[in-house]
Amino acid sequence: MDYMDLIEIPGTQVDRLLVTMSPHRREHSLSVANVAEQLCARFGIEASRGRYAGLAHDVMKERGLAEQWSLAREGAREIGDPLISRTVREFELGEAFGGKMIHGPAAAGYLYIGCGLRDIGILEAVALHSSAFPDMKPLSKITYVADKLEPRRSYVGPADAEALATLELDELFFFAMEHVIGYLTEKGYRIAQSTLDLYNSLKVEKASK
Ligand SMILES: [Fe+2]
Ligand SMILES: [Fe+2]
């Protein structure tokens, strides 16, 4: 791994957190950053914003749950963004399962409070990366897709690489959701309610076209 990749967010503490992450998580984060950067370039978004979201999306994942919940709640209050607040509320409804996903809003809280990040698009992308929600903006969709389809994932193969290179963003977002739902179902894992709801409504929309 190139250490320079870890120090390219000047003026923040994300680089220091990345260094303290487990190697597995750090390499995943770098891989997500690479994919998000490429997708941003393809869809006309500043590539450095995708890279930032990718590097930072899991920075809280290995911290204690109490710290994650408290940063998520404080961050949502201070940021005042409706999508981030709604996400925290949804995760609070099923706290046990939400605990697996609260690291997204917690990372957004950390970036806002601890690093002074004010780019709402990046904050939303980081907060919403683990389960799909309606009204996600392009950078949020890109970060979700990059997180789910980065090449280090065990279930990712050539069809995913081709989708990443060719599909339009909404198609790609749907493709990633479908792939993840299929994989989690096969493994017997639970799927976030917001992902299922959104998937079902997009499926109906597609069928009526
Ligand atoms: Fe995550
Ligand atoms: Fe991740």
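Me: Why does Leu 198 count as buried?

Reply: This is a predicted model, in which local features need pLDDT of at least 70 and side-chain atom pairs count only at pLDDT 80 or more, while totals for chains, interfaces and linings use all residues. Residues are numbered from 1 along each chain as its sequence is written, and chains are lettered from A and ligands numbered from 1 in the order in which they are written. A residue is buried if 20 or more other C-beta atoms, placed from the backbone, lie within 10 Å of its own, exposed if 12 or fewer, and partly exposed in between. Leu 198 counts as buried because its C-beta neighbours inside 10 Å number 20.

Me: Which residues does Leu 198 touch, not counting residues up to four places away in sequence?

Reply: Leu 198 lies in helix 12, residues 193–207, where helices (H or I, at least four residues) and strands (E, at least two) are DSSP runs numbered from the N terminus. Two residues are in contact if their C-beta atoms, placed from the backbone, lie within 7 Å. Leaving out residues up to four places away in sequence, Leu 198 touches Ala 132, Phe 133 and Pro 134.

Me: How many C-beta neighbours does Leu 39 have inside 10 Å?

Reply: Leu 39 belongs to helix 2, which covers residues 23–42, and touches Gly 50, Ile 142, Val 145, Ala 146 and Leu 164 when residues up to four places away in sequence are not counted. Of these, Ala 146 is 107 residues from Leu 39 in sequence, with a C-alpha to C-alpha separation of 8.1 Å. Leu 39 counts as buried because its C-beta neighbours inside 10 Å number 25.

Me: Which residues of helix 8 meet helix 3?

Reply: The axes of helix 3 (residues 47–56) and helix 8 (residues 120–127), which are lines fitted to C-alpha atoms over the stretch in contact, come within 9 Å and cross at roughly 35°, on a scale from 0 to 180 degrees between N-to-C directions. From helix 3, the residues involved are Arg 49, Tyr 52, Ala 53 and Ala 56, and from helix 8 they are Gly 121, Ile 122, Ala 125 and Val 126.

Me: What percentage of the contacts between residues at least 6 apart in sequence join residues at least 24 apart?

Reply: The secondary structure of the protein comes to 12 helices and zero strands, and 41% of its 209 residues count as buried. Among contacts between residues at least 6 apart in sequence, the share joining residues at least 24 apart is 65%.
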